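Trainee: I would like to learn how to read a protein-DNA model. Could we go through one together?

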Amino acid sequence: MMRYWLFKSEPTTFSINDLEHSPNQVTYWNGVRNYQVRNMLRDEMQAGDYAFFYHSNCTPPGIVGTMKIVKTGYPDFTAWDPTSPYFDSKSTAIKPCWFMVDVQFVNKFEQIISLDALKTHLSLKNMLILRPGNRLSITPVTKQEWEIILTVSADSKIR
DNA sequence: GCCAACGTTGGC
DNA sequence: GCCAACGTTGGC
């Protein structure tokens, strides 16, 4: 059963352009250090799932494109590197604590669908990203939400 | 740069 | 296992 997701990233750290220009347009999504999100990466995400790429902490924040999960959860090895900002001594190769998936670029929207724009769609009002105080860097998206947002993106192209 | 929300830590 | 203090996220 295919699922849909939304991945947040600060574009100054890693943007959709960075993904587009990665080798084979694929990258590992490392650095998740939240247990709820870890569980999604480790247990729930499947190859073939689709995800929105969301730019956070920028002007304006919003969804900028889509990507695809191409490798299911495996240990986030950047947690093992003492020189990495993502180092965490809790995690070892024998007993990994943190996980990541590989994602592949699919497309970039011609126009960002800003957080403000998302808020104007009644049918999207239950999106986790719109919930005040939601800080999960990855959230599940329903099939309906996925399709509505793609429609919004196609509409914005015509204008 | 402010601040609300909320996850994590650590003392007890 | 409770909960206050603290740190981080992220919109504004």
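Trainee: Which polar side-chain atom lies 2.7 Å from a phosphate oxygen of DNA strand C?

Mentor: Good place to begin! A polar contact is a pair of N or O atoms within 3.5 Å; within protein, one must be able to donate a hydrogen and the other to accept it, and residues adjacent in sequence count only if both atoms are side-chain atoms. Here the atom belongs to Lys119. Before we go on, this is a predicted model, in which local features need pLDDT of at least 70, side-chain atom pairs count only at pLDDT 80 or more, and totals for chains, interfaces and linings use all residues. Residues are numbered from 1 along each chain as its sequence is written, chains are lettered from A and ligands numbered from 1 in the order in which they are written, and side-chain values use heavy atoms, with hydrogens and water left out.

Trainee: Which residues surround DNA strand C?

Mentor: A residue is near a strand if one of its heavy atoms lies within 4 Å of it. For DNA strand C these are Lys8, Tyr54, Ser56, Asn57, Pro61, Leu115, Lys119 and Arg135.

Trainee: What share of the atoms of DNA strand C within 4 Å of the protein belongs to sugar or phosphate?

Mentor: The share is 67%, and the rest belong to bases. One base contact comes from Arg135, with a polar side-chain atom 2.3 Å from a base oxygen of DNA strand C.

Trainee: And which residues are around DNA strand B?

Mentor: Asn34, Tyr35, Pro132, Gly133 and Arg135 are. Sugar and phosphate make up 75% of the atoms of DNA strand B that come within 4 Å of the protein. A backbone N or O atom of Pro132 is 3.4 Å from a phosphate oxygen there, while an N or O atom in the Arg135 side chain is 2.8 Å from a base oxygen of DNA strand B.

Trainee: Now the fold. What is the strand order of the open sheet?

Mentor: Strands are DSSP runs (E, at least two residues), numbered from the N terminus, and two of them pair if DSSP finds at least two bridges between them. The open sheet has 6 strands in the order β2-β5-β4-β3-β1-β6, with mixed pairing. At its edges, β2 (26–28) and β6 (138–141) each pair on one side only.

Trainee: How many bridges join β1 to β6?

Mentor: There are 4, and β1 (residues 4–9) runs antiparallel to β6. As an example, Leu6 has Thr139 as its bridge partner in β6.
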